[in-house]
Amino acid sequence: MSKYIIAIDQGTTSSRAIVFDHDGTIVSTGQMEHQQIFPQAGWVEHDANEIWNNVREVIAVALAGASLTRHDIVAVGITNQRETTVVWNKRTGMPIYNAIVWQDTRTQHMVDELAGHGGIDRYKQRVGLPLAPYFSGTKIKWILDNVEGAREAAEAGELLFGNTDTWVTWNLTGGTDGGVHITDVTNASRTLFMDLETLDWDAQILADFGVPASMLPAIKSSSEIYGHVHSSQLLREVPISGILGDQQAATFGQAAFGAGDAKNTYGTGCFLIFNTGTEIVRSSNGLLTTLGYKLGDADPVYALEGSIAVAGSLIQWLRDNIGMIATAPEVEALAAEVSDNGGVYIVPAFSGLFAPYWRSDARGAIVGLTRFANKHHIARAALEATAFQTREVLDAVNADAMVPLTELKVDGGMVANDALMQFQADLLGVPVIRPRVTETTALGAAYAAGLAVGFWKDLGELGANWSEDKRWEPTMEPAERERQMRLWKKAVTRTFDWVDEDVR
């Protein structure tokens, strides 16, 4: 009888369960969206209980879609939206506040206070990250400072913290009935609290933030058996044996295992990861130093990351907030009606700018408007914004890594857009390559889980599963490429310094 791996992909807009066979081919999928909660400008939240309920539902849908039972599944892998912060009571199992999402900017004042002693790079040597609202650390602090009774409960050892990988794992393994409270190194590296060299929580940083160590999950590798699904769940007794943050999972699913390999994921945001092997490369050009993965007892593999806050969510904004399109795919048809952007540039700094600028004072702008501009130019500019941002991140990678990128593997929902991928190749001046299986985030989690239980024997076997689906070669003249980048950079500078004491 054939056996399978199931991957739980708990993402920013939805939760999915995907069943993979030994060839890395998708067998069945279940997916459910969850509510996006915006209490006020700059605040983004999710209902953690809704997420958990949806995870249970999508597992059932995926199994039913392939007529499978738990006996057909050899392991569970988990991948997740990173930095999104859940704090819950370990006795009741109930979150004490909504999950605060990675896009949320409410903690900027905390960043400013902490940066008053050493600047935003105060902890960067140790943790690889600048101080920013993006990461979990200030979100935990905000909950402890602002939810009534939270700090007292935390100091009494009653509260637990986790990104959504930890929340899903704890519930799958029993929750209040013996749930396993763990995370993997990739998620731990997104908190501002994990030392890159020791892979342990940094006691001094925790003290500076006022976060009790008792709240934090145990840090594990990305591929080992953490525990088994609880008897009350559909997948009871199946081992949970792989966890990777979503962008690291996509890198793993792309078989980017060697130093110098890179991938870019085009999703809600856009995230480029460049594998630096076992070497910790500390960026001088606005990138993050992060964990790529750690397989069991093997040495950790590190990476440089360029994080872009808004990519696919800009298209969602055109649909949901502006009403310019009814469905996201319509944007490609609109953009195809014009040969260029008509001089229009959109800088989607809705939550400030992430890599390589890290400007929380920036806000979104549409520039270059004339009477000539129409909705077709705006649609094209919206697509091109993702490619421009990716080019800036890759320039930073090339400067830090000293190894020029020769090709870019891509994945995520937006890679179905041919016009965007061609423009991306044109801007980069290198080929852009889409794999046969584009659900690389879930595939990476499946791979990590399968390695731990012997379903796949080694990285070589995983690499053999990867195959190319489509390639875009650059066609733009170098002079035009640099002219476009010059105008884009000019547009970006117009977004700076928008937020001040009177504007949030």
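**Salt bridges in the predicted model**

Glu158 has a relative accessibility of 28%, so this residue counts as partly exposed. In this predicted model, Glu158 forms a salt bridge with Arg91, and the closest N and O atoms lie 3.9 Å apart. The two residues belong to distant parts of the chain, 67 residues apart: Arg91 sits in the loop between strand E6 (86-89) and strand E7 (99-100), and Glu158 in the loop between helix H5 (150-155) and strand E8 (159-162). Arg91 counts as exposed, because its relative accessibility is 57%.

Side chains of opposite charge can pair when their charged atoms come close. A search of the whole structure gives 27 salt bridges. One of these joins Asp497 to Arg359, with 3.0 Å between the closest N and O atoms. This pair also links distant parts of the chain, 138 residues apart, with Asp497 in the segment after helix H16 (478-493) and Arg359 in the loop between strand E17 (345-347) and strand E18 (365-367). Asp497 is exposed, at a relative accessible area of 55%, whereas Arg359 is partly exposed, at 24%.

A further salt bridge is found between the side chains of Glu392 and Lys489, at 3.0 Å from N to O. Here the partners lie in helices: Glu392 in helix H12 (residues 375-401) and Lys489 in helix H16, 97 residues apart. Glu392 has a relative accessible area of 6% and is therefore buried, while Lys489 is partly exposed, with a value of 37%.

Methods. Residues numbered from 1 in each chain as written. Predicted model: local features only at pLDDT ≥ 70, side-chain atom pairs only at ≥ 80, totals over all residues. Heavy atoms only, no water. Salt bridge = Lys/Arg side-chain N within 4 Å of Asp/Glu carboxyl O. Helix = DSSP H or I, 4+ residues; strand = E, 2+ residues; numbered from the N terminus. Buried < 20%, exposed > 50% of the residue type's maximum accessible area, 1.4 Å probe, protein only.
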